[in-house]
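Trainee: Could you take a close look with me at a single part of this model? I'd like to hear how it sits among its neighbours.

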Amino acid sequence: MKKVFLIIGLGLVIASCNTKTSDKEEVKTDSIGITPNTDSASIVTDSHYYWSAELVPKEGLVMKKESPVGKDSLNVEFMISRLNETYPDVKLEFVKTSGDSVFIKIKKSNYLTEQMGSSGAEAYLAEVTYNLTEVKDINVVDIRFKEGDHASPGTYVRTDFVHVKN
């Protein structure tokens, strides 16, 4: 009897290993055509995501969907908290929302403006913009801080970070 269960179990394992998946997976992009990271084991479709920026040689700034964000967590405060955990040297502070805009400030911006370099600062501002615009009805991010060599305060939307390849 044990041999029967063993044979059935082995058959199921072999069958599940040999299940052919589609050779061509559909890659999801955000609304402006940025290709997300699809390396994770499971991708949730039609969901909101936490985004990260990566500087890729010969491609420039690439925005990647890192992990799904549940609807119960999808709010400005959660996104600011997560960004502050990711970048402890650049603390975002919520100011207000108005219409389709969120207003935030950075009191101590020296790390962002002087120590991250131009590319690092651009990647950071892109991540802030992409993550805060994941929140329902938010399309614009107004970030106030003291201007420095590598970053300027301003109003940002996702398309500010799309570069045309030559």
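**A close look at β5**

Mentor: Happy to! Let's take strand β5, residues 140-144, which runs antiparallel to β6 and is joined to it by three bridges. Before going on, please keep in mind that this is a predicted model, where local features need pLDDT of at least 70 and side-chain atom pairs count only at pLDDT 80 or more, while totals for chains, interfaces and linings use all residues. Residues are numbered from 1 along each chain as its sequence is written, and side-chain values use heavy atoms, with hydrogens and water left out.

Strands (E, at least two residues) and helices (H or I, at least four) are DSSP runs numbered from the N terminus, and two strands pair if DSSP finds at least two bridges between them. Across to β6, V141 has Y156 as its bridge partner, and I143 has G154. With β4, the pairing is parallel and covers five bridges; here V140 of β5 stands opposite S101.

Now step back to the sheet. It is open, has four strands in the order β3-β4-β5-β6, and its pairing is mixed. The edge strands are β3 (93-98) and β6 (154-156); each has a single partner strand, so one side of each lacks a neighbour in the sheet. On average, neighbouring strands are turned by 20° against each other, direction ignored.

Helix α4 (residues 117-132) lies across β4, β5 and β6, at about 135° to β5. Such angles run from 0 to 180 degrees between N-to-C directions, with axes fitted to C-alpha atoms, for helices over the stretch in contact; contact means heavy atoms within 4.5 Å.

How enclosed is β5? Four of its five residues are buried, so the strand is largely enclosed by the rest of the structure. Buried means under 20% relative accessible area, with a 1.4 Å probe and protein chains only; over 50% is exposed, and in between is partly exposed.

I143 deserves a look of its own. Beyond its neighbours within four places in sequence, its contacts are I104, I106, L125, V128, P153, G154 and Y156. In the largest nonpolar core, which has 36 residues, I143 is among those touching the most other members, as are I104, L125 and V128. A nonpolar core is a set of buried Ala, Val, Leu, Ile, Met, Phe, Trp, Tyr and Cys residues joined through side-chain atoms within 4.5 Å. Elements giving it two or more residues include β4, α4 and β5, and α4 gives the most, with eight.
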